[in-house]
Amino acid sequence: MRAVVFKDFDSIELDDVPKPRIEEPGDALVRVTITAICGSDLHVVHGRIPGMSPGGVLGHEFVGVVEAVDGGVRRFAEGERVVGSFTIPCGECWYCARRFFSRCPDQRVFGYGSFFGDVAGAQAEYVRVPNADLVLHAIDDSMRDEQALFAGDIFTTGYDCATEARIEQGDVVTVVGCGPVGLMAILGARAFEPSTIYAVDTVSQRLEMAQSLGAIPVDAKEVHVPSFVQDHTGGRGADAVLECVGSVPALLECIDIARAGGRISVIGVHSDQEIELPLNTTFVKAIDLKFCGTANVIGRWDDALAMVSSGVARPDAIISHRMKLDDAVLGYDLFERREALKVVLTP
Ligand SMILES: [Zn+2]
Ligand SMILES: [Zn+2]
(Lines give C-alpha, C1' and ligand atoms only; values in the text may rest on other atoms or scores of the structure.)
(Ligands and ions follow the chains in the order given, each with its own letter.)
Protein backbone atom coordinates (compact mmCIF):
# COMPACT_ATOMS: atom_id res chain seq x y z
CA MET A 1 0.00 0.00 0.00
CA ARG A 2 1.01 3.65 -0.40
CA ALA A 3 2.21 5.49 2.69
CA VAL A 4 4.12 8.60 3.78
CA VAL A 5 7.41 7.23 5.05
CA PHE A 6 10.19 8.74 7.16
CA LYS A 7 13.50 8.33 5.30
CA ASP A 8 15.93 10.28 7.42
CA PHE A 9 15.93 13.53 9.37
CA ASP A 10 14.33 16.24 7.23
CA SER A 11 13.40 13.72 4.56
CA ILE A 12 10.16 11.90 3.74
CA GLU A 13 8.85 10.11 0.68
CA LEU A 14 5.85 8.24 -0.67
CA ASP A 15 6.60 4.55 -0.70
CA ASP A 16 5.00 1.15 -1.00
CA VAL A 17 4.93 -0.65 2.36
CA PRO A 18 3.26 -3.90 3.47
CA LYS A 19 -0.44 -3.53 4.29
CA PRO A 20 -0.87 -3.75 8.09
CA ARG A 21 -2.83 -6.60 9.65
CA ILE A 22 -4.38 -7.46 12.99
CA GLU A 23 -1.52 -8.12 15.45
CA GLU A 24 -2.80 -7.78 19.01
CA PRO A 25 -6.04 -8.59 20.80
CA GLY A 26 -8.26 -5.51 20.50
CA ASP A 27 -6.83 -4.40 17.14
CA ALA A 28 -8.87 -3.03 14.27
CA LEU A 29 -7.72 -2.53 10.72
CA VAL A 30 -9.03 0.74 9.26
CA ARG A 31 -9.10 1.76 5.59
CA VAL A 32 -8.12 5.42 5.73
CA THR A 33 -10.45 7.76 3.81
CA ILE A 34 -8.78 11.02 4.87
CA THR A 35 -5.74 11.92 6.93
CA ALA A 36 -4.10 15.24 7.79
CA ILE A 37 -0.66 16.70 8.36
CA CYS A 38 -0.19 17.94 11.94
CA GLY A 39 2.40 20.34 13.32
CA SER A 40 3.83 17.55 15.44
CA ASP A 41 4.47 15.44 12.32
CA LEU A 42 7.07 18.09 11.50
CA HIS A 43 8.69 17.52 14.91
CA VAL A 44 9.04 13.83 14.02
CA VAL A 45 10.45 14.60 10.55
CA HIS A 46 13.01 17.01 11.97
CA GLY A 47 14.02 14.74 14.84
CA ARG A 48 12.66 16.95 17.63
CA ILE A 49 10.62 13.89 18.54
CA PRO A 50 13.39 11.29 18.31
CA GLY A 51 13.06 7.57 17.79
CA MET A 52 11.57 7.31 14.30
CA SER A 53 13.29 4.66 12.17
CA PRO A 54 13.79 4.91 8.41
CA GLY A 55 10.78 3.32 6.72
CA GLY A 56 8.37 4.23 9.53
CA VAL A 57 4.92 5.46 8.44
CA LEU A 58 4.00 8.99 9.61
CA GLY A 59 0.71 10.56 10.63
CA HIS A 60 -1.83 10.41 13.45
CA GLU A 61 -4.95 12.26 12.28
CA PHE A 62 -7.35 10.04 10.37
CA VAL A 63 -10.89 9.07 9.48
CA GLY A 64 -11.71 5.77 7.82
CA VAL A 65 -13.85 2.68 7.56
CA VAL A 66 -13.31 -0.42 9.69
CA GLU A 67 -12.08 -3.19 7.43
CA ALA A 68 -11.52 -5.95 10.02
CA VAL A 69 -11.49 -6.37 13.80
CA ASP A 70 -9.90 -8.79 16.23
CA GLY A 71 -12.39 -10.96 18.13
CA GLY A 72 -11.81 -8.93 21.30
CA VAL A 73 -13.19 -5.71 19.78
CA ARG A 74 -16.72 -5.13 21.10
CA ARG A 75 -17.79 -1.67 19.97
CA PHE A 76 -16.92 -1.74 16.27
CA ALA A 77 -17.61 -3.95 13.29
CA GLU A 78 -16.57 -4.09 9.66
CA GLY A 79 -17.94 -1.25 7.55
CA GLU A 80 -18.34 1.36 10.33
CA ARG A 81 -17.05 4.89 9.80
CA VAL A 82 -14.66 5.99 12.52
CA VAL A 83 -12.32 8.75 13.61
CA GLY A 84 -9.13 7.81 15.46
CA SER A 85 -7.51 9.42 18.49
CA PHE A 86 -3.86 10.32 17.94
CA THR A 87 -2.89 8.65 21.21
CA ILE A 88 -3.37 5.05 22.21
CA PRO A 89 -3.79 4.79 26.00
CA CYS A 90 -3.56 1.40 27.74
CA GLY A 91 -7.14 1.59 29.02
CA GLU A 92 -6.32 -0.22 32.26
CA CYS A 93 -4.04 1.87 34.48
CA TRP A 94 -4.96 4.16 37.42
CA TYR A 95 -5.23 7.17 35.06
CA CYS A 96 -7.20 5.40 32.35
CA ALA A 97 -9.64 4.05 34.97
CA ARG A 98 -10.37 7.70 35.88
CA ARG A 99 -10.72 8.71 32.18
CA PHE A 100 -7.55 10.80 32.48
CA PHE A 101 -6.25 9.06 29.37
CA SER A 102 -3.69 11.71 28.48
CA ARG A 103 -1.63 10.87 31.58
CA CYS A 104 -1.51 7.13 30.87
CA PRO A 105 2.16 6.19 31.37
CA ASP A 106 1.94 3.51 28.69
CA GLN A 107 0.22 5.52 25.99
CA ARG A 108 1.43 5.10 22.44
CA VAL A 109 1.11 7.52 19.50
CA PHE A 110 0.57 6.68 15.83
CA GLY A 111 3.57 7.46 13.66
CA TYR A 112 5.85 8.73 16.45
CA GLY A 113 8.54 6.07 16.49
CA SER A 114 10.05 3.83 19.13
CA PHE A 115 9.66 6.07 22.20
CA PHE A 116 5.91 6.10 21.61
CA GLY A 117 5.30 2.40 21.07
CA ASP A 118 6.43 2.07 17.45
CA VAL A 119 2.90 2.09 16.00
CA ALA A 120 2.79 2.77 12.25
CA GLY A 121 1.10 6.04 11.31
CA ALA A 122 -2.07 6.82 9.40
CA GLN A 123 -0.82 8.75 6.36
CA ALA A 124 -1.40 5.56 4.41
CA GLU A 125 -4.11 3.53 2.75
CA TYR A 126 -4.61 1.45 5.89
CA VAL A 127 -3.76 1.78 9.57
CA ARG A 128 -3.69 -0.80 12.35
CA VAL A 129 -5.49 0.58 15.41
CA PRO A 130 -4.53 -1.02 18.75
CA ASN A 131 -7.07 -0.87 21.58
CA ALA A 132 -9.74 -0.02 19.00
CA ASP A 133 -12.65 0.08 21.48
CA LEU A 134 -10.97 3.07 23.15
CA VAL A 135 -9.02 4.64 20.30
CA LEU A 136 -11.82 4.82 17.71
CA HIS A 137 -15.03 6.87 17.84
CA ALA A 138 -17.99 6.14 15.58
CA ILE A 139 -19.11 8.90 13.19
CA ASP A 140 -22.77 9.80 12.61
CA ASP A 141 -24.04 9.29 9.07
CA SER A 142 -24.89 13.00 9.02
CA MET A 143 -21.27 14.02 9.59
CA ARG A 144 -18.79 14.27 6.73
CA ASP A 145 -15.29 12.84 7.10
CA GLU A 146 -13.72 16.30 7.19
CA GLN A 147 -16.08 17.44 9.95
CA ALA A 148 -15.09 14.52 12.19
CA LEU A 149 -11.36 14.42 11.38
CA PHE A 150 -10.09 16.99 13.89
CA ALA A 151 -11.98 15.51 16.85
CA GLY A 152 -9.14 12.96 17.06
CA ASP A 153 -6.51 15.61 17.64
CA ILE A 154 -6.43 19.38 17.11
CA PHE A 155 -10.07 20.33 17.70
CA THR A 156 -10.38 18.34 20.90
CA THR A 157 -6.94 19.61 21.91
CA GLY A 158 -8.13 23.21 21.51
CA TYR A 159 -11.32 22.39 23.38
CA ASP A 160 -9.29 20.75 26.16
CA CYS A 161 -7.26 23.95 26.54
CA ALA A 162 -10.45 26.04 26.72
CA THR A 163 -12.02 23.66 29.24
CA GLU A 164 -8.97 23.77 31.48
CA ALA A 165 -9.17 27.59 31.45
CA ARG A 166 -12.61 27.30 33.16
CA ILE A 167 -14.06 30.04 30.98
CA GLU A 168 -17.32 31.48 32.31
CA GLN A 169 -20.16 33.10 30.42
CA GLY A 170 -19.28 36.73 29.66
CA ASP A 171 -15.53 36.32 30.19
CA VAL A 172 -12.93 38.08 28.09
CA VAL A 173 -10.66 35.42 26.59
CA THR A 174 -7.35 35.92 24.79
CA VAL A 175 -5.95 33.17 22.59
CA VAL A 176 -2.20 33.60 22.06
CA GLY A 177 -1.08 31.87 18.85
CA CYS A 178 -3.40 31.15 15.92
CA GLY A 179 -1.84 28.07 14.39
CA PRO A 180 -4.22 25.14 13.91
CA VAL A 181 -4.50 24.40 17.65
CA GLY A 182 -5.00 28.07 18.55
CA LEU A 183 -7.75 28.36 15.94
CA MET A 184 -9.38 25.26 17.39
CA ALA A 185 -9.06 26.76 20.89
CA ILE A 186 -11.11 29.72 19.65
CA LEU A 187 -13.87 27.31 18.62
CA GLY A 188 -13.55 25.43 21.91
CA ALA A 189 -13.71 28.67 23.93
CA ARG A 190 -16.92 29.70 22.19
CA ALA A 191 -18.68 26.72 23.78
CA PHE A 192 -18.44 28.55 27.12
CA GLU A 193 -20.05 31.76 25.77
CA PRO A 194 -17.41 34.36 26.58
CA SER A 195 -18.26 37.97 25.69
CA THR A 196 -15.07 38.47 23.66
CA ILE A 197 -12.22 36.39 22.29
CA TYR A 198 -9.07 38.25 21.27
CA ALA A 199 -6.86 36.20 18.93
CA VAL A 200 -3.16 37.09 18.85
CA ASP A 201 -0.73 36.25 16.05
CA THR A 202 1.52 37.98 13.52
CA VAL A 203 0.55 36.03 10.37
CA SER A 204 -2.26 37.79 8.51
CA GLN A 205 -3.76 34.59 7.04
CA ARG A 206 -4.10 33.16 10.54
CA LEU A 207 -5.61 36.35 11.92
CA GLU A 208 -8.16 36.40 9.10
CA MET A 209 -9.12 32.81 9.88
CA ALA A 210 -9.37 33.65 13.60
CA GLN A 211 -11.75 36.47 12.74
CA SER A 212 -13.88 34.21 10.57
CA LEU A 213 -14.16 31.82 13.54
CA GLY A 214 -15.58 34.58 15.72
CA ALA A 215 -12.53 36.14 17.40
CA ILE A 216 -11.24 39.71 17.28
CA PRO A 217 -7.82 39.61 15.59
CA VAL A 218 -4.90 41.33 17.34
CA ASP A 219 -1.71 41.67 15.31
CA ALA A 220 1.21 41.44 17.75
CA LYS A 221 3.44 43.23 15.20
CA GLU A 222 1.24 46.31 15.50
CA VAL A 223 0.17 46.57 19.13
CA HIS A 224 1.55 45.78 22.58
CA VAL A 225 -0.87 42.98 23.34
CA PRO A 226 -1.11 43.27 27.17
CA SER A 227 -1.80 47.02 26.87
CA PHE A 228 -4.34 46.42 24.11
CA VAL A 229 -6.28 43.90 26.22
CA GLN A 230 -6.12 46.14 29.29
CA ASP A 231 -7.38 49.10 27.26
CA HIS A 232 -10.43 47.04 26.32
CA THR A 233 -11.15 45.65 29.80
CA GLY A 234 -11.19 48.74 31.99
CA GLY A 235 -7.47 48.24 32.72
CA ARG A 236 -7.95 44.73 34.15
CA GLY A 237 -6.73 42.29 31.49
CA ALA A 238 -8.21 39.02 30.25
CA ASP A 239 -10.17 36.65 32.50
CA ALA A 240 -8.73 33.63 30.69
CA VAL A 241 -5.67 33.34 28.43
CA LEU A 242 -5.08 30.31 26.21
CA GLU A 243 -1.38 29.78 25.42
CA CYS A 244 -1.25 27.97 22.08
CA VAL A 245 2.35 28.66 21.04
CA GLY A 246 4.69 26.74 23.34
CA SER A 247 7.43 29.37 23.64
CA VAL A 248 8.87 31.18 26.63
CA PRO A 249 8.10 34.71 25.34
CA ALA A 250 4.50 33.67 24.62
CA LEU A 251 4.05 32.20 28.10
CA LEU A 252 5.51 35.28 29.77
CA GLU A 253 3.27 37.53 27.70
CA CYS A 254 0.23 35.55 28.89
CA ILE A 255 1.10 36.51 32.49
CA ASP A 256 0.96 40.17 31.43
CA ILE A 257 -2.28 39.71 29.47
CA ALA A 258 -4.20 37.99 32.30
CA ARG A 259 -6.05 40.07 34.86
CA ALA A 260 -5.35 39.68 38.59
CA GLY A 261 -6.80 36.32 39.56
CA GLY A 262 -6.97 35.38 35.88
CA ARG A 263 -6.43 31.90 34.50
CA ILE A 264 -3.82 30.80 31.96
CA SER A 265 -4.25 27.46 30.23
CA VAL A 266 -1.14 26.24 28.39
CA ILE A 267 -1.57 23.82 25.49
CA GLY A 268 1.50 24.94 23.50
CA VAL A 269 4.20 22.27 23.71
CA HIS A 270 7.14 23.43 25.87
CA SER A 271 10.53 21.78 25.52
CA ASP A 272 12.73 24.31 27.37
CA GLN A 273 13.97 22.85 30.63
CA GLU A 274 13.82 26.09 32.58
CA ILE A 275 12.77 29.71 32.31
CA GLU A 276 12.97 32.82 34.42
CA LEU A 277 9.44 33.21 35.69
CA PRO A 278 8.52 36.64 37.10
CA LEU A 279 7.46 35.06 40.37
CA ASN A 280 6.59 38.28 42.13
CA THR A 281 4.22 39.42 39.36
CA THR A 282 2.70 35.94 39.13
CA PHE A 283 2.24 35.84 42.91
CA VAL A 284 0.90 39.38 43.29
CA LYS A 285 -1.54 38.89 40.43
CA ALA A 286 -2.54 35.49 41.89
CA ILE A 287 -2.30 33.95 38.44
CA ASP A 288 -3.83 30.50 38.03
CA LEU A 289 -1.35 28.80 35.67
CA LYS A 290 -2.52 25.47 34.28
CA PHE A 291 -0.43 23.25 32.01
CA CYS A 292 -2.60 20.92 29.96
CA GLY A 293 0.18 18.61 28.76
CA THR A 294 -0.93 16.37 25.93
CA ALA A 295 -4.68 16.90 25.60
CA ASN A 296 -7.15 14.38 26.97
CA VAL A 297 -8.68 13.71 23.56
CA ILE A 298 -10.49 10.47 24.40
CA GLY A 299 -11.80 11.99 27.64
CA ARG A 300 -13.32 14.92 25.78
CA TRP A 301 -14.12 13.87 22.22
CA ASP A 302 -17.78 13.06 22.93
CA ASP A 303 -18.28 16.75 23.76
CA ALA A 304 -16.20 17.91 20.81
CA LEU A 305 -18.12 15.77 18.32
CA ALA A 306 -21.43 16.92 19.83
CA MET A 307 -20.37 20.52 19.12
CA VAL A 308 -19.68 19.59 15.52
CA SER A 309 -22.92 17.68 14.96
CA SER A 310 -25.02 20.45 16.53
CA GLY A 311 -23.33 23.02 14.29
CA VAL A 312 -21.80 24.97 17.22
CA ALA A 313 -18.31 24.39 15.79
CA ARG A 314 -17.03 23.92 12.26
CA PRO A 315 -13.41 22.83 12.70
CA ASP A 316 -13.09 21.83 9.04
CA ALA A 317 -13.19 25.54 8.15
CA ILE A 318 -9.42 25.68 8.65
CA ILE A 319 -8.64 23.19 5.85
CA SER A 320 -6.68 25.18 3.28
CA HIS A 321 -5.41 22.37 1.03
CA ARG A 322 -6.96 19.09 -0.12
CA MET A 323 -4.46 16.83 -1.86
CA LYS A 324 -3.92 13.23 -2.87
CA LEU A 325 -1.79 11.16 -0.50
CA ASP A 326 0.67 10.79 -3.39
CA ASP A 327 1.29 14.56 -3.18
CA ALA A 328 2.03 14.48 0.56
CA VAL A 329 5.64 15.64 0.15
CA LEU A 330 4.39 18.86 -1.44
CA GLY A 331 1.76 19.12 1.30
CA TYR A 332 4.43 18.89 4.02
CA ASP A 333 6.45 21.53 2.19
CA LEU A 334 3.54 23.98 1.98
CA PHE A 335 2.65 23.38 5.63
CA GLU A 336 6.24 23.83 6.75
CA ARG A 337 6.47 27.16 4.89
CA ARG A 338 3.14 28.22 6.45
CA GLU A 339 1.62 28.60 3.01
CA ALA A 340 -0.91 25.96 4.02
CA LEU A 341 -2.90 26.33 7.24
CA LYS A 342 -4.08 22.71 7.26
CA VAL A 343 -3.49 20.00 4.68
CA VAL A 344 -5.86 17.05 4.25
CA LEU A 345 -4.71 14.02 2.23
CA THR A 346 -6.86 11.43 0.49
CA PRO A 347 -5.33 8.00 -0.17
ZN1 LIG B 1 -1.21 16.14 16.04
ZN1 LIG C 1 -3.41 3.71 30.90
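In which loop is the place of E193? E193 lies in the loop between α6 (180-190) and β11, where helices (H or I, at least four residues) and strands (E, at least two) are DSSP runs, numbered from the N terminus. This is a predicted model, in which local features need pLDDT of at least 70, side-chain atom pairs count only at pLDDT 80 or more, and totals for chains, interfaces and linings use all residues. Residues are numbered from 1 along each chain as its sequence is written, while chains are lettered from A and ligands numbered from 1 in the order in which they are written.

**Overall form**

- The secondary structure of the chain comprises twelve helices and 17 strands.
- The radius of gyration of the chain is 20 Å, which agrees with the value near 20 Å that a compact globule of 347 residues would have. This radius is taken over C-alpha atoms, and the globule rule is 2.2 Å times the number of residues to the power 0.38.
- Along its principal axes, the C-alpha trace spans about 60 × 40 × 40 Å.
- Of the 347 residues in the chain, 50% are buried. A residue is buried if 20 or more other C-beta atoms lie within 10 Å of its own, exposed if 12 or fewer, and partly exposed in between, with C-beta atoms placed from the backbone.
- Among the contacts in the chain with a separation of 6 or more, 68% link residues 24 or more positions apart. Two residues are in contact if their C-beta atoms, placed from the backbone, lie within 7 Å.

**Domains**

- The domain assignment gives domain 1 (2-139 + 314-346) and domain 2 (156-291); such bounds come from an automatic or database domain assignment.
- The centres of domain 1 and domain 2, taken over C-alpha atoms, are separated by 29 Å.
- Seven residues from domain 1 and ten residues from domain 2 take part in the contact.
- On the side of domain 1 that touches domain 2, four residues are nonpolar, one is polar and two are charged. Ala, Val, Leu, Ile, Met, Phe, Trp, Tyr, Cys and Pro count as nonpolar, Asp, Glu, Lys and Arg as charged, and the others, Gly among them, as polar.

**Strand β3 and its partners**

- Strand β3 (residues 28-36) is mostly covered, with seven of its nine residues buried.
- Eight bridges pair β3 with strand β4 (residues 61-69) in the antiparallel sense; two strands pair if DSSP finds at least two bridges between them.
- β3 also runs antiparallel to β8, to which four bridges join it.
- A28 stands opposite V69 in β4 and opposite V129 in β8.
- A further antiparallel pairing, over two bridges, connects β3 with strand β17 (residues 343-346). In β17, L345 is the bridge partner of T35.

**The β1-β2 hairpin**

- Strand β1 (residues 2-8) and β2 pair in the antiparallel sense over six bridges, and V5 stands opposite E13 in β2.
- Two residues lie between the strands of this hairpin, in which D10 takes a positive phi near 70 degrees.
- Strand β2 (residues 11-16) is hardly covered, as the count of buried residues among its six residues is zero.

- β11, helix α7 (residues 204-212) and β12 form a right-handed β-α-β unit. A crossover is right-handed if, with the strands pointing away from the viewer, the path from the first strand over the helix to the second runs clockwise.
- Strands β11 (residues 196-201) and β12 (residues 216-219) run parallel and are joined by four bridges; Y198 stands opposite I216 in β12.

- T156 is in helix α5 (residues 154-164) and counts as buried because it has 31 C-beta neighbours inside 10 Å.
- Leaving aside neighbours within four places in sequence, T156 is in contact with A151, A295, V297, R300, W301 and A304.
- In helix α9 (residues 248-257), the buried residues are L251, E253, C254, I255 and I257.
- The elements that cover these buried residues of α9 include β10 (172-176), α8 (225-231), β13 (238-243), β14 (258-266) and α10 (279-284).

**Positive phi in loops**

- Most residues other than glycine have a negative phi.
- E193, although not a glycine, has a positive phi of about 55 degrees. E193 is exposed, with 11 other C-beta atoms within 10 Å.
- D118, in the loop between β7 (108-109) and β8 (126-129), has a positive phi near 55 degrees. D118 counts as partly exposed because it has 14 C-beta neighbours inside 10 Å.
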